Amino acid sequence: MNYIKINGRVFDVNVAISDYEENFNVLDGPNAGRSSGVGRMIRDVLGCCIGHKVTVFRRGNDYKGYDEFWNYLKAHSVDDSVQLEAADGQKTIAYQAYYTSASHSIERVENGINYWGEISVNFIPMYPQITP
């Protein structure tokens, strides 16, 4: 199973995963809110979005693979969406996602080489995967 597959490209061989989070958010429509009488919540459920936050680091001395992943994220950050395949329980889920940021920090510079730390990126689904 591949844990980082973006637009059909596998990145597991280039970078190692240090943290992998799956999350979900239920989206309510414009008719959701508290009633004016007793304050009961009125739901207008549109669906549930399953997303992933992935944190990766350089695998050994594979600077090229690490840089390729970072550069790929930057290059596709302006795309309307990417096709993500990620772990979901014991299987894989595929969905259109977007991300608006990613980050990594420089750890040190030694002999002209920049040693970068972990890359963290949060993939947000374009559409709910579970609907009422």
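**Close-up views of a predicted model**

**View 1. A nonpolar surface patch formed by F24, V26 and V45.** A patch is made of residues with over 30% relative accessible area and no salt bridge; like charges are joined within 9 Å, and nonpolar side chains (Val, Leu, Ile, Met, Phe, Trp, Tyr) within 5 Å. F24 belongs to strand β3, residues 15-28; strands (E, at least two residues) and helices (H or I, at least four) are DSSP runs numbered from the N terminus. F24 counts as exposed because its relative accessibility is 58%; exposed means over 50%, buried under 20%, and partly exposed in between, with a 1.4 Å probe and protein chains only.

The model is predicted: local features need pLDDT of at least 70, side-chain atom pairs count only at pLDDT 80 or more, and totals for chains, interfaces and linings use all residues. Residues are numbered from 1 along each chain as its sequence is written, and side-chain values use heavy atoms, with hydrogens and water left out.

**View 2. The salt bridge between E85 and K5.** Side chains of opposite charge can pair when their charged atoms come close. A salt bridge is defined as a side-chain nitrogen of Lys or Arg within 4 Å of a carboxyl oxygen of Asp or Glu, and a search of the whole structure finds five. In the pair shown here, the N to O distance is 3.9 Å. Because E85 lies in strand β7 (residues 82-88) and K5 in strand β1 (residues 5-6), this contact ties together parts that are 80 residues apart in sequence. E85 is partly exposed, at 25% relative accessibility.

**View 3. A network of salt bridges linking R9, K64 and E68.** The closest N and O atoms of R9 and E68 are 3.3 Å apart. This pair links distant parts of the chain, since R9 is in strand β2 (residues 9-10) and E68 in helix α1 (residues 63-76), 59 residues apart. E68 also meets K64 in a salt bridge, at 3.9 Å from N to O. K64 and E68 are separated by about one helical turn because they stand four residues apart in helix α1. R9 is partly exposed at 32% relative accessible area, as is E68 at 28%, whereas K64 is exposed at 61%.

Key. Accessible areas come from the Shrake-Rupley method with a 1.4 Å probe; for residues, only the protein chains shown count as cover.
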